[in-house]
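Please find below a colleague's note on the structure shown here.

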Amino acid sequence: MARFTPEELEAARGRVVPDVVAEGLHVLFCGINPGLMTAATGHHFARPGNRFWPVLHRSGFTPRLLKPSEQQELLSYGLGITNVVARASARADELSAEEYREGGRLLAAKVARLRPRWLAVVGVTAYRAAFDDRKARVGPQARTIGDTRVWVLPNPSGLNAHWTVETMAEAFGRLREAAEGRPERTPTAGP
């Protein structure tokens, strides 16, 4: 992976990273917003400590561990990536409540247009803020967007230490099974 100076990373602030999307996906994963490393590289979940790609593989969504630079391969597996808020920032706490609400409105419109089977928001706090659902928990949600079901997953950021790679892979795996049409199993106790 390319090394960036602090100045180069700071220059990526506010950039928008293009979605990896197509119509009719099995699962559209939705991050909070791009971090500076993601914006600098143009690849989703690019920060070295982010566990998205390893968890995606360990949960069975991909047959091998993909690098962020291979994100377009997700489409061949019926998967895609977008964000609640498009602009890049160093930390999610730099986003305003209004940005989350507007992001939720834009995301709902995108989902209605693309019609994935599942929308998987990675980060319960982001989901709660974007959709004004203060009681949401990790797992399937009652909310639908058109025919699209909604699932909340743990945030794969390395800062989310309450979840290990193993427990996140279990949570992602439950979504994968549901996306494949298998009955949902009772979750094991998690963070």
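This is a predicted model: local features need pLDDT of at least 70, side-chain atom pairs count only at pLDDT 80 or more; totals for chains, interfaces and linings use all residues.

1. The main nonpolar core. The largest nonpolar core comprises 25 residues, and those with the most contacts inside it are V27, F29, L153, F172 and L175. Two or more residues each come from β1 (27–31), α3 (52–58), β2 (79–83), β3 (118–122), β5 (148–153) and α6 (165–179). The greatest contribution is that of α6, which supplies seven residues.

2. Surroundings of V27. Leaving aside residues up to four places away in sequence, V27 touches F61, G78, L79, G80, W118, A120, L175 and A179. V27 is also listed among the residues with the most contacts inside the largest core.

3. As a general matter, nonpolar side chains in soluble globular proteins tend to be buried together.

4. Length of α4. Does the span of α4 agree or disagree with what its 18 residues should give? At 1.5 Å a residue, these 18 residues should span 26 Å, and the end C-alpha atoms of α4 are 25 Å apart, which agrees. Following α4 comes R115, whose phi is positive, near 55°.

5. The two sides of α4. The buried residues of this helix are Y100, G103, G104, L107, K110, V111 and L114. Viewed down the axis of α4, the buried residues fall within an arc of 130°, so they line one face of the helix. The exposed residues L106 and R113 are carried on the face turned away from the buried side of α4. The partners against which the buried residues of α4 pack are β1, β2, β3, α5 (124–131), β4 (139–145) and β5.

6. A108. This residue is found in helix α4 (residues 97–114). Is A108 to be classed as buried, partly exposed or exposed? Its relative accessibility is 23%, and A108 therefore counts as partly exposed, since the buried class requires a value under 20%. A108 and A120 are twelve residues apart along the chain, and their C-alpha atoms are separated by 12 Å.

7. Packing of α4 on α5. Which angle and axis distance describe the packing of α4 and α5? The two helices pack at an angle of about 85°, and their axes are 7 Å apart. This angle makes α4 roughly perpendicular to α5. On the α4 side the contact is made by Y100, R101, G104 and L107, and on the α5 side by A126, A129, A130 and F131.

8. Burial of α5. Helix α5 is mostly covered, with six of its eight residues buried. These buried residues are V124, A126, Y127, A129, A130 and F131. They pack against α4, β3, β4 and β5. Just after α5, D132 adopts a positive phi of about 50°.

9. V16. The loop between α1 (6–11) and β1 contains V16. Because its relative accessibility is 56%, V16 counts as exposed. From V16 to T38 the C-alpha distance is 9.5 Å, with the two residues 22 apart in sequence.

Notes:
Residues are numbered from 1 along each chain as its sequence is written. Side-chain values use heavy atoms; hydrogens and water are left out. A nonpolar core is a set of buried Ala, Val, Leu, Ile, Met, Phe, Trp, Tyr and Cys residues joined through side-chain atoms within 4.5 Å. Buried means under 20% relative accessible area, exposed over 50%, partly exposed in between (1.4 Å probe, protein chains only). Helices (H or I, at least four residues) and strands (E, at least two) are DSSP runs, numbered from the N terminus. Contact means heavy atoms within 4.5 Å. The expected span of a helix is 1.5 Å times one less than its number of residues. The arc is that of the directions from the helix axis to the C-beta atoms. Axes are lines fitted to C-alpha atoms, for helices over the stretch in contact, and angles run from 0 to 180 degrees between N-to-C directions. Angles under 35 degrees count as roughly parallel, over 145 as roughly antiparallel, 65 to 115 as roughly perpendicular and the rest as oblique.
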